[in-house]
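Have your viewer ready and follow along, one selection at a time.

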Amino acid sequence: MRKRVGLDGEEEMTLKEIGAGYSLSRERIRQLQEGALAKLRAEFSRRHLM
């Protein structure tokens, strides 16, 4: 997520760029991103932040 959205001073990267760095497909990076976002949403909901 840090690379995708440019956190910690990193530049935003595309799914394809991230996938190339990890030898994974763009689709697999998208799936991992969706899983991470689901976990964040669940935690925010649990803490009543959303």
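This is a predicted model: local features need pLDDT of at least 70, side-chain atom pairs count only at pLDDT 80 or more; totals for chains, interfaces and linings use all residues.

Residues are numbered from 1 along each chain as its sequence is written, and side-chain values use heavy atoms, with hydrogens and water left out.

**Whole chain.** Switch to cartoon: you will find 3 helices and 0 strands, running α-α-α from the N terminus on. Helices here are DSSP runs of H or I with at least four residues, strands are runs of E with at least two, and both are numbered from the N terminus. Next, show the C-alpha trace, which spans about 35 × 25 × 10 Å along its principal axes.

**Helix pair.** Now select residues 15-22, helix α2, and residues 26-46, helix α3. Their axes lie 8 Å apart and meet at an angle of about 105°, which makes α2 roughly perpendicular to α3 (the term covers 65 to 115 degrees). Axes are lines fitted to C-alpha atoms over the stretch in contact, and angles run from 0 to 180 degrees between N-to-C directions.

**Contact residues.** Show side chains for L15, K16, I18 and G19 on α2, then R26, I29, R30 and Q33 on α3; these make the contact (heavy atoms within 4.5 Å).

**Surface.** Finally, colour by burial: 10% of the 50 residues count as buried, meaning under 20% relative accessible area with a 1.4 Å probe, protein chains only.

Notes:
Angles under 35 degrees count as roughly parallel, over 145 as roughly antiparallel, 65 to 115 as roughly perpendicular and the rest as oblique.
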